[in-house]
Amino acid sequence: VQLQASGGGSVQAGGSLRLSCAASGSDFSLDAMAWYRQAPGKQRELVAIITETHIDYKDSVKGRFTISRDNGKNTVHLQMNSLKTEDTAVYYCNGWLGPHNYWGQGTLVTVSS
């Protein structure tokens with residue numbers, strides 16, 4: 001399974017960006033898809049995750065970020081509103097299929113003050 005992320009870029013604080021990630025190479029629907037991020041000098045952290053029955057967010061992005069998934073497709077989006085400078089990071093798409101975990105390449109999000 002390959003995950004291809006897109007949509008990163010630079011924005012001023014208070015602005016919005018939308019990330020997308022498309023998975024290919026599987027005839028099955030991924031069990032979960034998620035977004036992680038890694039800021040310079042920090043560990044990678046879970047930002048948002050979506051399964052068939054559950055959505056969860058990192059506390060600091062609740063109310064600002066929305067994860068969604070296209071029906072019947074292995075495509076996930078992350079709508080990021082009211083961006084803050086501390087949201088600056090490389091964002092990674094992640095997917096689970098059974099016991100297997102897959103990572104996409106990162107996409108850089110830079111939020112300037």
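## Terms and basis of the model

A residue is called buried when its relative accessible area is under 20%, exposed when it is over 50%, and partly exposed in between, using a 1.4 Å probe and protein chains only. Accessible areas come from the Shrake-Rupley method with a 1.4 Å probe, and for residues only the protein chains shown count as cover.

The structure is a predicted model, in which local features need pLDDT of at least 70 and side-chain atom pairs count only at pLDDT 80 or more, while totals for chains, interfaces and linings use all residues. Residues are numbered from 1 along each chain as its sequence is written, and side-chain values use heavy atoms, with hydrogens and water left out.

## Overall architecture

The chain contains eleven strands and zero helices. Both kinds of element are DSSP runs numbered from the N terminus: helices are H or I runs of at least four residues, and strands are E runs of at least two. Read from the N terminus, the order of elements is β-β-β-β-β-β-β-β-β-β-β.

The C-alpha trace spans about 45 × 25 × 20 Å along its principal axes. The radius of gyration of the chain is 13 Å, which agrees with the value near 13 Å that a compact globule of 113 residues would have. This radius is taken over C-alpha atoms, and the globule rule is 2.2 Å times the number of residues to the power 0.38.

## Surface, burial and contacts

Of the 113 residues in the chain, 40% are buried. The accessible surface of the chain comes to about 6,100 Å², and carbon and sulfur atoms account for 48% of it.

A contact means heavy atoms within 4.5 Å. Among the contacts in the chain with a separation of 6 or more, 52% are between residues 24 or more positions apart.

## Charges and salt bridges

A salt bridge is a side-chain nitrogen of Lys or Arg within 4 Å of a carboxyl oxygen of Asp or Glu. Five salt bridges are found in the whole structure.

## The network around Arg-37 and Asp-87

A network of salt bridges links Arg-37, Glu-45, Lys-58, Arg-64 and Asp-87. Within it, Arg-37 pairs with Glu-45, and their closest N and O atoms are 2.8 Å apart. Glu-45 is partly exposed, with a relative accessible area of 27%, whereas Arg-37 is buried, at 5%.

Arg-37 also forms a salt bridge with Asp-87, with 3.0 Å between the closest N and O atoms. Asp-87 lies in the loop between β8 (75-80) and β9 (89-97) and Arg-37 in strand β4 (residues 32-38), so this pair ties together parts that are 50 residues apart in sequence. Asp-87 is buried, with a relative accessible area of 0%. Asp-87 forms a salt bridge with Arg-64 as well, the closest N and O atoms being 2.7 Å apart. Because Arg-64 lies in the loop between β6 (55-57) and β7 (65-69) and Asp-87 in the loop between β8 and β9, the pair ties together parts that are 23 residues apart in sequence. Asp-87 and Arg-64 are both buried.

## Residues in loops

Ser-82 is located in the loop between β8 and β9. Its phi is near 50°, a positive value in a residue other than glycine. Most residues other than glycine have a negative phi. Ser-82 is partly exposed, with a relative accessible area of 42%.

Glu-52 belongs to the loop between β5 (45-51) and β6. With a relative accessibility of 79%, Glu-52 is exposed. The C-alpha atoms of Glu-52 and Gln-38 are separated by 26 Å, and these residues are 14 apart along the chain.

## Residues in strands

Thr-75 is part of strand β8 and is buried, with a relative accessible area of 16%. Beyond its neighbours within four places in sequence, Thr-75 is in contact with Cys-21, Ala-22, Met-33, Ser-68, Arg-69 and Asp-70.

Asp-56 is part of strand β6 and is partly exposed, with a relative accessible area of 35%. The C-alpha atoms of Asp-56 and Leu-46, ten residues apart along the chain, lie 9.6 Å from each other.
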